[in-house]
Amino acid sequence: MPWRPPTKPVLCGPGSEKPFAERVRFIGDQVAVVIAGCEETVSRARALIHVDYEGLPVVVDPFEAASRDSPRIHPTQDTNPIDRVEIPRGDSEQGFQRADVIVESVY
């Protein structure tokens with residue numbers, strides 16, 4: 001069975017089923033959707049959307065983020081979650097034997 005990331009609700013904000021949806025955690029969190037019949041209407045509607053953001057502390061160090069003193073991403077947890085995902089793999093030796101080209105490096 002191929003690995004796929006879990007499906008997640010898209011929007012943050014009131015009425016969302018996303019856990020802790022009232023909190024936007026990064027610049028890529030979606031907060032609005034505009035649907036219209038033409039680009040002009042979309043542009044006018046988009047111009048009417050205004051979102052006020054409250055700045056939150058930025059934590060960029062993974063060890064700091066995992067400490068109990070770090071600001072919480074999800075307020076109900078003791079520490080910020082660190083996720084581990086096991087991705088199923090095939091037979092690497094067989095893959096090397098069948099490969100036309102092998103590129104090895106540190107990334």
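What follows is a walk through the fold, surface and contacts of this chain.

The model is predicted, so to speak of local features a pLDDT of at least 70 is needed, side-chain atom pairs count only at pLDDT 80 or more, and totals for chains, interfaces and linings use all residues. Residues are numbered from 1 along each chain as its sequence is written, and side-chain values use heavy atoms, with hydrogens and water left out. The pLDDT, the predictor's confidence in each residue on a scale from 0 to 100, averages 82 over the protein chain, and 90% of the residues score at least 70.

On to the fold. The protein chain has three helices and zero strands, and from the N terminus on the elements run α-α-α. Helices (H or I, at least four residues) and strands (E, at least two) are DSSP runs, numbered from the N terminus. Helix H1 spans 39–48 and helix H2 spans 62–66, while helix H3 covers 92–98. Contact here means heavy atoms within 4.5 Å. Of the contacts between residues at least 6 apart in sequence, 25% join residues at least 24 apart.

As for the surface, the accessible area of the protein chain comes to about 10,100 Å², of which 55% belongs to carbon and sulfur atoms. Accessible areas come from the Shrake-Rupley method with a 1.4 Å probe; for residues, only the protein chains shown count as cover.

Val31, Ile49, Val51 and Tyr53 make a nonpolar surface patch of about 330 Å². Patches are made of residues with over 30% relative accessible area and no salt bridge: like charges are joined within 9 Å, nonpolar side chains (Val, Leu, Ile, Met, Phe, Trp, Tyr) within 5 Å. Tyr53 sits in the loop between H1 and H2 and counts as exposed because its relative accessible area is 54%.

Leu56 is found in the loop between H1 and H2, and at 45% relative accessibility Leu56 is partly exposed. Not counting residues up to four places away in sequence, Leu56 touches Arg23 and Val24. The C-alpha atoms of Leu56 and Arg23 are separated by 9.9 Å, with the two residues 33 apart along the chain.

Ser70, in the loop between H2 and H3, is buried, at 6% relative accessibility. Leaving aside neighbours within four places in sequence, Ser70 is in contact with Val59, Glu64, Ala65 and Asn80.

The structure holds one salt bridge, defined as a side-chain nitrogen of Lys or Arg within 4 Å of a carboxyl oxygen of Asp or Glu. Glu40 pairs with Arg44, the closest N and O atoms being 2.9 Å apart. Both lie in helix H1, four residues apart, about one turn of the helix. Glu40 is exposed, with a relative accessible area of 54%.

There are zero disulfides, a disulfide being a pair of cysteine sulfur atoms within 2.5 Å. Cys12 is buried at 7% relative accessibility, whereas Cys38 is partly exposed at 38%.

Key: Buried means under 20% relative accessible area, exposed over 50%, partly exposed in between (1.4 Å probe, protein chains only).
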